[in-house]
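Please keep the sequence and the structure in view while working through them.

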Amino acid sequence: MDNLPLKMQKSYKKAKEMIEASEDIKIYSHNDCDGISAGAILSTILDRQEKEHEIEIVSLDKLENLEIENELTLFSDLGSGQNVDELAKDSSKIIILDHHPPLKNLDYSHNVAYDYLEINPHHHGIDGSHYVCGGGLSYFLAKEFGYHDLSWIGVLSAIGDMQNSMTGKLEGLNSIILNDSVKQGYVSSINDLSLYGRQTRPLFVALSYFSDVNLPITNNRTEAIALMKDLGIPRKIGDRSRTLSDLDGVEKGKLFSELVRMLSKEVPERYVKYVPKLVAADSYEFLMETDHTFLRDASEFSTAMNACTRNNREDIALKILKGDRIAALDELEIVSKEHRRYLAQNIHKIEEEDMIKNLGKIQYFDGNGIKSSVVGTIAGMILSYGDWRKPMIGFTQISEEDENLKVSLRCSRLLAYDGIHFGNIIRKVSKKVGGSGGGHSVACGAYIPHDKKEKFLTLFNEQLKMDI
Ligand SMILES: [Mn+2]
């Protein structure tokens, strides 16, 4: 694909005109890496156009009964699945840039008095979970204004949104964004080993976090070091531990073959064909950023943005995305350190107190006391202490004021490659117990009534028996 569908192009022209004609603008964007990226792109467009604006990064529940007070209101990475215009005035102008399944059809704008423009790939037959996300949709608006230099944020948002999760590549409209950023010299796409922490983690540490399948190196740094030694891969350069980004092609080749060999021995026959995809994927490097910093690697960068939102510090993430590389980085360092400490403490507790329980085809833990914003992150991290063949489900109270439960699920990518979509399953099951949920195939979540945990687990297990 090398251009947007014609109808989408027209919508972007209209969006540009609406912005140019407005003086008082408000942006609402979603509180995750994708949403903040989208918000940062929109805010940068408005800065450059010298348009007065306010930006608010919000969770989806904040969109109920929203007062539409500004001349123009922009919604990014949200809005299609909510009735955000319920309280719109006849004079209101609304633009939605969202990739989630829309509630309204394309003609909706003809039936309302106010100016309503929704740009959503689903309206044009394009799947919004793999081919474009909120940040990408916002980048296409920037492009309409001629701001191609913001393309790298579009790439970041796609990685943050796991748009590449099924194939290890950016495809569809995402590939247009990637091409723009490569052409501009901002991004380089590298076929690499699929290990987290390319720039900042010592390679032996990155190897020890391999958790899609439990290998001898999983959670075992000694084994990881021994593996590198066996393959003749030096651990250090001078005093510094080498990271994945330090390896040359020959070294990566050796490591790739060895990981494929180890995994193929470990997984059931029917998964063997997915093993190469598990070990190698495209990585994206931001060429204007310093080597060996999290900023240099799209995946590490997106994790840092998520750490900000999980700790209600969207302001830091926004500043970094808009170019602050000094004060905001210091602030981020403090937040990240505390974030990592919190995660480690809770993972240790779950492991020490043997809190992972098994029920048929699932495993779960009661994360009572764990902040609901990180229960998913923790579920993902303790997967390696459980059984990779089963999804890991975490429960915790939504907040001190709300005793209902947040449910988060993480699983090995192998299960998704094999065709299971946990986002769809959790949507179905949470609905049956009077809650709501959804998400990606390997990472998803739900909110359910406080007394429905057992029922949820039973139904989820039954559903899985039918689906597998
Ligand atoms: Mn998104």
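1. Domains. The bounds of a domain, as used in this note, come from an automatic or database domain assignment. The model itself is predicted. For this protein the assignment gives domain 1 (6-186), domain 2 (190-286), domain 3 (301-349) and domain 4 (354-463). Between the C-alpha centres of domain 2 and domain 3 the distance is 26 Å.

2. Overall form. The protein contains 16 helices and 15 strands. Its radius of gyration is 22 Å, close to the 23 Å that the globule rule gives for 468 residues, so the protein is as compact as a globular protein of that length. The C-alpha trace spans about 65 × 55 × 40 Å along the principal axes. Of the 468 residues, 46% are buried. Among contacts with a separation of 6 or more, 61% are made by residues 24 or more positions apart.

3. Records for two spans. An unreviewed UniProt entry lists residues 195-272 as "domain: DHH-CID". Over residues 195-272 the model is 44% helix and 5% strand, and the end C-alpha atoms are 19 Å apart. The name "domain: DHHA1", also from an unreviewed UniProt entry, is listed for residues 364-465. That span is 36% helix and 25% strand, with its end C-alpha atoms 16 Å apart.

4. The largest nonpolar core. In soluble globular proteins, nonpolar side chains tend to be buried together. Here the largest nonpolar core has 68 residues, and those with the most contacts inside it are Ile36, Ile41, Ile153, Val155 and Ala317. Helix H2 (residues 33-48) gives the most to this core, with 8 residues. At least three residues of the core come from each of domain 1 (6-186) and domain 3 (301-349). A second, separate core has 55 residues, including Val275, Ile350, Phe395 and Val429.

5. Isoleucine 153. Which residues does isoleucine 153 contact, leaving aside its neighbours within four places in sequence? They are Ser37, Ala40, Ile41, Gly135, Tyr139 and Leu321. Ile41 is also among the residues with the most contacts inside the largest nonpolar core. Gly135 and Tyr139 both belong to helix H3, where they are buried.

6. Helix H3. This helix, residues 134-144, is mostly covered, with 9 of its 11 residues buried. The buried residues are Gly134, Gly135, Gly136, Leu137, Ser138, Tyr139, Phe140, Leu141 and Ala142. Just after H3, glycine 146 has a positive phi of about 90°.

7. Most residues other than glycine have a negative phi. Aspartate 77 is not a glycine, yet its phi is positive, at about 60°. Aspartate 354, likewise not a glycine, has a positive phi of about 55°. Aspartate 77 is found in the loop between E3 and E4, whereas aspartate 354 lies in the loop between helix H12 (327-352) and strand E10 (357-359). Is aspartate 77 buried or exposed? Aspartate 77 has 31 other C-beta atoms within 10 Å and is therefore buried. Aspartate 354 has 9 other C-beta atoms within 10 Å, so it counts as exposed.

8. Alanine 88. This residue lies in the loop between strand E3 (72-76) and strand E4 (93-97). Why does alanine 88 count as buried? A residue is buried if 20 or more other C-beta atoms lie within 10 Å of its own. Alanine 88 has 20 C-beta neighbours inside 10 Å, so it counts as buried. Leaving aside neighbours within four places in sequence, alanine 88 is in contact with Ile68, Ile94 and Tyr114. Glutamate 454 is 366 residues away from alanine 88 along the chain, and the C-alpha atoms of the two are separated by 41 Å.

9. A hairpin. Strands E14 and E15 form a hairpin with 3 residues between them. E14 pairs with strand E15 (residues 443-448) in the antiparallel sense, over 4 bridges. Glycine 439 has cysteine 444, in E15, as a bridge partner. Strand E14 (residues 436-439) has Gly437 and Gly439 on its covered face, and Ser436 and Gly438 on the uncovered one.

Key:
Residues numbered from 1 in each chain as written. Predicted model: local features only at pLDDT ≥ 70, side-chain atom pairs only at ≥ 80, totals over all residues. Helix = DSSP H or I, 4+ residues; strand = E, 2+ residues; numbered from the N terminus. Rg over C-alpha atoms; globule rule 2.2 N^0.38 Å. Buried ≥ 20, exposed ≤ 12 C-beta atoms within 10 Å, placed from the backbone. Contact = placed C-beta atoms within 7 Å. Pairing = 2+ DSSP bridges. UniProt positions renumbered as here; feature names shortened; annotations may be inferred. Core = buried A, V, L, I, M, F, W, Y, C linked by C-beta atoms within 7 Å.
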